[in-house]
Amino acid sequence: MALPIIKTALDCSDFSNTVTPFLHQLRPLLGLLLESATNPTALKQIYLDTNPLISAFAFSLALSPIFLIVSEINKNYSQVDRLWSILPTLYNAHFVIYAHLMGFETKRLDTLLAASCIWSCRLTFNYWRKGGYTIGSEDYRWAILRTKISPTLFFIFNVLFISLAQSILLLSITTPTYLVLLASRLASSSGTPVEPWTFADLIFSRLMVACVLTSFFADQQQWQFQSAKKSYQETAKVPPKFNREDLDRGFIVTGLWSWSRHPNFAAEQAFWLTLYQWGCYTTNSTYNWTGIGALSYLILFQASTWLTERISSQKYPEYKEYQARVGKFVPRLGTDPKGGWKVPGKVKTVAEKVGEEVEKDAKIARERNLIWGLFRSRNIISLLAHISCEIVEILENDENEANRFFSQIESGEVPSLIENLPAEITDRIVDIAGIALTLPSDIFEGAEAIFRDTIELFNAIEDGSIVDRLQQVPGMIVSQFTSGWNDFTSGFGDVIDVLTCAFVDCSTIEPAGVCGNTITYSGENSTTADTGATPTFSSSWSWSPTPTPSLSPSPIPGWSPSPTPTRTYVPSSTAGGLLRPVLTVLKPLLDCRPHKPPKSLRAWLHRCS
């Protein structure tokens, strides 16, 4: 007898009654098949006389040495993978065919087989389009594993796991179909409590199809992303419906992949778990021995996914962040990992959170690179200095142009002086403006603050309160003024000359006066501290090669200018006197170039203070 004697649905799940009594059929089966190899009628009889689970188990054992020999000859260990999507449905079809030959009620089995066929079509298609059936194609994880263990140990691993265990596993996940077959035999008998079809059977079958559809959509999203990434890497063009940030990241985090790191794997496991639960429901059992197959399948996916993610985290720097925010298989509903973002009144998707974190890191990197480039690039600094000197020279030599320049600035117009600059200078200004557009917001805020301080400085010079202002200079600037750099000392001497002429009556200065060798008022030598003259500006300032003397006492308490500057200049106009001090004050900040990229503009200013 090929099938056990059962009286109730629960008897179908009894291993000692449905499996153990038929294990003896396994040993003589091969000899019987060889004896009847040329007799189809005898082969059919052997097929019907053998328990369907035992014959399926014998077939899985027969495949194992074939997998082993072929893999060792080709040194390609993905032989089981090529049949992974086919063998489970083949086993399910075997149980259904047996039920048909025995004349059992097969509506439930036929529906189960249809769902299994849909599963096979989906997985086979996905494996085929990824090149799984091409010559030489192999799972990349086997190649990595071969580098981790010795050849002898890998051969043992191939014998016991790759070829044998995986072959038996593909049968074990279909064993619930064997229980459904036994229940169908019971349903075919009159007067039994087992119904051939129930609403629950409809639910289980639809759940299995839903799992297949979920896997299909997840595979499709993955395939489209990888295709877009490949195209982007080859052409540097972002394909439609994708953005550069996702492609640069290297792995997909949108769609189903924003809820689960492996939605296709999750649906794959759910498919066979649903089949196991279907078998439990049909046999009126809470659990039974066929759960070994489903549990083994889950363990395999856990180990395989662990290896996959270990490789991905080494390949993609941001993958660990993805792991922290998105569940491996089951979505993390209503959770926010440590260090995540929380927006009041709005719940962000996982993809949005990952995207924002990546953008935040990219912004920090851009800011560091930008600041580092600005303060390490002598080309940009010298270019700015060149443009500034061109403007200052024009303003110094043309008083009308200077007045027009400031009046246009006050009215909010673009100064005509800038519009009429030589083409090579205006092109450089456009280049610098393009860089400025990419500045982070804190740099814009800093520039705005500097602009406001500059306006206040101009107002202070105009209303005569510059002395009080100078006494409130931040310690950062004062420390830079006292650093002892020769080039800066010379520049600061220029600032003192200009500021001295700003709040001292320079109209009586002799040709070799304040901007020459000595400070003279009404024919007498004096210092800036000895006079209370009304601030005025001379009408003509010029350059002088004579050295600048030391000034004592200094207008700024605690500071003594160097008596040996390299050069000096004599103010020749109000515009020149206002612009040159600003450029000179900025010079120490430009000279404060860190040896390593600062984390932010604030960090750079702190280092200069």
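The briefing below is grouped by topic.

This is a predicted model, in which local features need pLDDT of at least 70, side-chain atom pairs count only at pLDDT 80 or more, and totals for chains, interfaces and linings use all residues. Residues are numbered from 1 along each chain as its sequence is written, and side-chain values use heavy atoms, with hydrogens and water left out. Helices are DSSP runs of H or I with at least four residues, strands are runs of E with at least two, and both are numbered from the N terminus.

**Nonpolar cores**

- A nonpolar core is a set of buried Ala, Val, Leu, Ile, Met, Phe, Trp, Tyr and Cys residues joined through side-chain atoms within 4.5 Å; buried means under 20% relative accessible area, exposed over 50%, and partly exposed in between (1.4 Å probe, protein chains only).
- The largest nonpolar core has 50 residues, of which Trp84, Tyr178, Leu181, Leu182, Phe271, Trp272 and Tyr297 touch the most other members.
- Two or more residues of this core come from each of helix H4 (52-74), H6, H7, helix H9 (151-172), helix H10 (175-188), H11, helix H13 (263-282) and helix H14 (291-315).
- Another core, of 15 residues, lies apart from it and includes Ile252, Trp257, Tyr316 and Tyr319.
- Leaving aside residues up to four places away in sequence, Leu181 touches Leu3, Phe95, Tyr98, Ala99, Phe104 and Leu109, where contact means heavy atoms within 4.5 Å.

**Isoleucine in a loop**

- Ile86 is placed in the loop between helix H5 (79-83) and helix H6 (87-102).
- Ile86 is partly exposed, its relative accessible area being 38%.

**Transmembrane annotation**

- An unreviewed UniProt entry places the feature "transmembrane region" at residues 53-71, 83-103 and 149-179; such annotations may be inferred rather than shown by experiment.
- Residues 53-71 are 100% helix and 0% strand, and the end C-alpha atoms of this span lie 27 Å apart.
- Residues 149-179 are 87% helix and 0% strand, with end C-alpha atoms 41 Å apart.

**Positive phi angles**

- Lys75, which is not a glycine, has a positive phi of about 55 degrees, and Lys75 is found in the loop between H4 and H5.
- Asn284, also a residue other than glycine, has a positive phi near 55 degrees.
- Asn284 is found in the loop between H13 and H14, and Asn284 is exposed, with a relative accessible area of 59%.
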